[in-house]
Structures are given as C-alpha cells and as structure tokens.
Amino acid sequence: MSEHHLRTPLSEEDVRMLEAGDVVFLSGIIYSARDKAHALIRRDGSPVSLQGAALYHCGPLIQEGRVLSAGPTTSGRMARYTDEMLEMGVRAIVGKGGLPPEPFRERAVYLAYPGGCGAAAARRLEVVAVHLSDLGMAESFWAFRAKDFGPLIVAIDSRGRDLYQEARE
Amino acid sequence: MREQVVEATVRALQKAEIGLPEWVIRRIRDAAARERRPLARQHLRFMLENVAIAGQDHLPICQDTGLPIFQVRMGRELKLDFDLQEAVSEGVRKATRLVPMRPNAVHPQSRENSLDNTGLRMPDIIMDYEAGRGLSITAFPKGAGSENMSLVAMLNPADDPFDYIVERVRERAANACPPLFLGVGLGGSFDLSARLAKHALLDMDGREEDEEEQALLDRINSLGIGPMGLGGDTTALSLRIERAYCHTASLPVAINFQCWANRKATEVIL
C-alpha cells in the first residue's frame with residue numbers, strides 16, 4: 001500500500017504502476033461528467049481531448065464559479081460508457097461504488113474517492129471551465145484544476161484486481 | 001404561522017445539509033475505534049474530517065443535497081389556515097438559494113429541472129398526527145446514491161426475510177455510501193412496507209437496537225463490505241425494523257438505504 005502524487009495528463013506507465021489499495025493524490029486538470037454528459041459525448045464526441053485524462057463521476061455543487069461541494073456520484077450508472085471513455089484515452093476514472101473491472105485491464109485504473117466527502121473535495125478543486133453547460137449544474141462537463149485531490153484509493157487496478165469484488169465475496 | 005413554517009423549513013434544511021446529528025457522529029466515531037482494517041479506519045476518519053470542514057467552511061457535507069423529504073408532526077387539535085405544502089415549498093426554494101442546495105428535482109420523463117428543488121408532489125411531506133397542539137418539521141434530504149439502492153419485495157411467507165435483506169445489502173451496499181443506516185419495513189402491503197422502512201429511518205435516533213435488530217446488524221457487518229464497499233468491519237451503523245400486519249398470503253419486505261451522511265434536523269414551531 002503506497003502513496004502516489006500524480007499529475008494529469010496521466011501516462012500508461014503512471015497507471016500501470018498503481019496497485020489495488022494504493023492511495024493517490026491527483027493534481028492538474030480533471031473533468032467531471034455523469035449521466036447526460038456521457039450520453040452527449042457518445043453522440044457528439046468529447047468537447048476536449050481525453051488523452052491521459054482523469055474523468056470524475058461527479059455532479060458538483062457550484063456557486064458563482066466556486067466549487068462548494070464535489071464528492072463522487074455512483075459510477076455504476078455510467079458503466080455502459082466505460083469502454084468508450086477508455087478508448088478516447090481516459091487513464092483514470094474517479095468515482096464511488098466501482099465498475100466492471102475488465103475494460104481497465106492493461107490501460108487504466110478506477111480510483112475511489114470517499115462518498116459524501118464533498119466539502120473536503122471543495123478545498124482541493126477549482127473551476128477552470130464548463131462545457132455542455134445547457135445540461136445544468138449537476139450534469140455539465142466541468143473542468144477542474146485539482147491540487148492534491150484525494151485520498152483516492154486504487155480500487156480497480158490495471159491487472160484486473162477489484163477491491164469491491166473482494167469485499168463482496 | 002405560515003411565515004414561521006417557511007422559516008423553520010429553511011433553518012431545518014440549513015442545519016441538515018451542513019452538519020450531522022450528534023448521535024450519527026458518535027456512531028461513526030465508535031466504529032472508527034473498533035474497525036480493524038487500516039483503509040476502512042482511514043475512510044471513517046476522513047468522513048468525520050469532512051463533516052468538520054463542512055462546519056468550518058459552512059458548506060454542504062455532500063454535493064448531493066438530496067431530494068426534499070420532510071416529516072411534519074402535528075397536534076390533532078391544531079388547525080392550519082394555510083396550505084402546508086405551499087409553505088414548505090417556499091421554504092425549499094429559499095433554502096435552495098441560501099444554503100445553497102444543488103437543484104436536483106426533475107420531471108421523471110422530460111428530465112426538465114425546476115432549478116428550485118420543487119415540482120409535482122415535491123417536496124414530499126410525511127404527516128404524523130399526535131395528541132395536542134404541537135407542530136414540528138424535520139428535514140430529511142435524501143441523496144440518490146442510497147435511495148437508488150432501496151427496494152420493496154413481495155416475498156413468499158415461507159422465505160426468510162432476514163436472509164433476503166442480508167443478500168440485498170451484500171449486492172447493493174457499495175453503491176449506497178456505506179457505512180449505512182438501514183430502515184426495514186416488514187409486513188403491511190406493497191406500499192405500506194416502503195412507508196414503514198422510511199419511518200424506520202425517520203425515527204432512528206441513536207437508541208440501542210433491540211435483540212432482533214442487533215442480530216441482523218451483526219450479520220450485515222460480518223459481510224466485510226466495509227466503508228465505501230472497499231472492505232472492512234463497518235458496513236452498517238444502525239438498523240431499525242418497523243412492522244405491520246400483512247395478508248396471510250403475503251410477506252412484503254422493504255429496505256430503505258441511508259448513506260453514512262444521515263442528515264436530519266428538526267425545528268419546533270409550536
């Protein structure tokens with residue numbers, strides 16, 4: 001169980017060295033997207049390049065461009081889009097509750113941020129831009145600048161180890 | 001009186017969104033002291049730290065500020081000369097701007113967002129009538145992560161409802177932001193069981209579980225699901241069962257999941 005401080009964009013090497021149970025703190029740009037943004041990206045493509053991106057399953061609470069609370073949403077609802085997002089170059093999906101591990105093999109990781117801890121996240125994230133803003137506050141595609149955002153637990157690693165599955169068994 | 005109800009609604013939501021009831025904090029703290037898995041212990045401590053940060057920064061604990069659900073306790077001798085639904089709605093609209101709360105309420109089909117957390121039949125007000133002339137309102141904003149995992153099942157009377165509950169918690173807990181608070185409704189009808197489960201959560205106040213509740217809670221905690229589903233001794237922090245007589249051919253069971261951020265605040269008006 002080791003601790004890593006990483007900066008986006010993430011390389012393949014960055015994510016392949018991570019093992020389930022490791023703790024990560026992320027800096028750099030991260031993007032938030034949930035149900036509606038995923039559906040639009042499938043239809044129209046991503047508004048930004050997702051090469052090496054960290055994609056955060058989050059519907060933040062924002063007021064006048066300031067992040068007030070920004071914990072994770074349940075990733076399972078976006079499971080149908082995992083393959084596509086990873087194909088577009090996403091190296092880390094941040095969320096809660098987990099996803100089927102197969103698509104992550106050899107190329108990406110799933111990072112768990114403690115659910116409900118939105119106030120703590122707000123101290124580590126600032127708004128850089130908002131895309132797909134017609135979708136409204138919770139559903140827009142936000143770009144955040146992260147400063148040591150974490151603790152993020154490597155819950156699914158690129159070798160196929162899945163802490164959620166292990167806990168259920 | 002209408003104005004008092006509006007203001008009490010705003011205050012109850014403000015209090016609920018930014019802090020947790022003392023007994024909820026105590027249950028998390030006690031679990032952190034008992035938890036054997038380091039990662040799980042760290043999660044529980046981080047949750048408590050997050051609540052402290054929310055208090056210092058005066059911000060909602062969680063970005064999912066929930067669907068506005070209220071319990072109103074009203075004396076049977078009291079007569080209201082205004083529309084309670086309308087007054088509480090105004091309170092919700094005000095609190096959405098003031099707290100602020102994320103606009104969560106949408107039409108179920110068009111998904112159009114009202115932007116003020118009100119809409120058709122929303123807020124949801126659960127009325128409880130009591131003796132006397134009292135009036136109080138409890139805000140119980142309910143996040144979707146845990147509410148989405150809740151369910152009603154019409155079991156066969158020969159089934160063991162507790163086996164059923166343990167299996168559903170095993171499958172679903174990770175998505176519901178554990179450690180959980182679980183409201184269980186046993187018996188009644190299809191919808192009464194669901195209301196019992198919601199009431200079990202509304203009435204949960206930190207009192208000790210009875211023998212049957214404790215046995216079920218222990219079984220759930222022995223699953224090893226742990227905080228956020230990443231493994232550990234702490235899967236649920238409290239469990240309450242509410243019962244009603246049911247048809248001899250039926251066994252309705254409802255489980256209402258509540259995440260660790262068990263936000264609830266009461267304002268007494270009268």
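In chain B of this predicted model, buried residues account for 48% of the 270 residues. The radius of gyration of chain B is 19 Å, which agrees with the value near 18 Å that a compact globule of 270 residues would have. Of the contacts in chain B with a separation of 6 or more, 81% are between residues 24 or more positions apart.

Within chain B, an open sheet of four strands can be followed in the order β2-β1-β3-β8, and its pairing is mixed. The edges of this sheet are formed by β2 (124-130) and β8 (265-268) of chain B, each of which pairs on one side only. Averaged over the sheet and with direction ignored, neighbouring strands are turned by 20° against each other. Strands of a sheet pair through backbone hydrogen bonds, in either a parallel or an antiparallel manner. Strand β1 of chain B, residues 69-75, runs parallel to β2(B) and is joined to it by seven bridges; a point of reference along this pair is B:Gln71, which stands opposite B:Ile126 in β2(B). Helix α1 of chain B, residues 2-18, packs on the sheet and touches both β3 (135-139) and β8 of chain B, while its direction makes about 35° with that of β3(B).

A helix pair in chain B is formed by α6 (residues 161-172) and α8 (residues 211-221), which pack at an angle of about 35° with their axes 10 Å apart, and the crossing of α6(B) and α8(B) is right-handed. From α6(B), the residues B:Phe162, B:Ile165, B:Val166 and B:Val169 meet B:Leu216, B:Arg219 and B:Ile220 of α8(B). Sorted by class, this contact between α6(B) and α8(B) has six nonpolar residues, no polar residues and one charged residue.

Chain A has five helices and nine strands, which follow one another along the sequence in the pattern β-α-β-α-β-β-β-α-β-β-α-β-β-α. Its radius of gyration is 14 Å, close to the 15 Å that the globule rule gives for 169 residues, so chain A is as compact as a globular protein of that length. The C-alpha trace of chain A spans about 40 × 35 × 30 Å along its principal axes, and buried residues make up 54% of the 169 residues. Among contacts in chain A between residues at least 6 apart in sequence, those joining residues at least 24 apart amount to 65%.

Between the two chains, 36 residues of chain A are in contact with 36 residues of chain B. On the side of chain A that touches chain B, the elements giving two or more residues are β4 (61-63), β5 (66-69), α4 (118-122), β9 (141-156) and α5 (163-168) of chain A, and of these α5(A) gives the most, with five residues. By class, the residues on this side of chain A divide into 18 nonpolar, 14 polar and four charged. Two of the contributing elements, β4(A) and β5(A), run antiparallel and are joined by three bridges, with A:Ile62 standing opposite A:Val67 in β5(A). Together β4(A) and β5(A) form a hairpin with two residues between them, and A:Glu64 in the turn has a positive phi of about 45°.

Most residues other than glycine have a negative phi, and most peptide bonds are trans. In chain A, however, a cis peptide bond with omega of about -5° joins A:Thr8 and A:Pro9, and A:Pro9 lies in the loop between β1 (3-7) and α1 (12-16) of chain A. In chain B, a cis peptide bond with omega of about -10° joins B:Val99 and B:Pro100, the latter being placed in the loop between α4 (84-98) and β2 of chain B. That loop between α4 and β2 of chain B also holds B:Arg111, which has a positive phi of about 65° although it is not a glycine. B:Arg111 counts as exposed because it has 12 C-beta neighbours inside 10 Å. A:Leu132, which is likewise not a glycine, has a positive phi of about 55° and is found in the loop between β8 (125-131) and β9 of chain A. With 18 other C-beta atoms within 10 Å, A:Leu132 is partly exposed.

Key:
Residues numbered from 1 in each chain as written. Chains lettered and ligands numbered in written order. Predicted model: local features only at pLDDT ≥ 70, side-chain atom pairs only at ≥ 80, totals over all residues. Rg over C-alpha atoms; globule rule 2.2 N^0.38 Å. Buried ≥ 20, exposed ≤ 12 C-beta atoms within 10 Å, placed from the backbone. Contact = placed C-beta atoms within 7 Å. Nonpolar A, V, L, I, M, F, W, Y, C, P; charged D, E, K, R; others polar. Pairing = 2+ DSSP bridges. Axes fitted to C-alpha atoms, helices over the stretch in contact; angles between N-to-C directions. Left-handed = near helix turned anticlockwise from the far one by under 90°.
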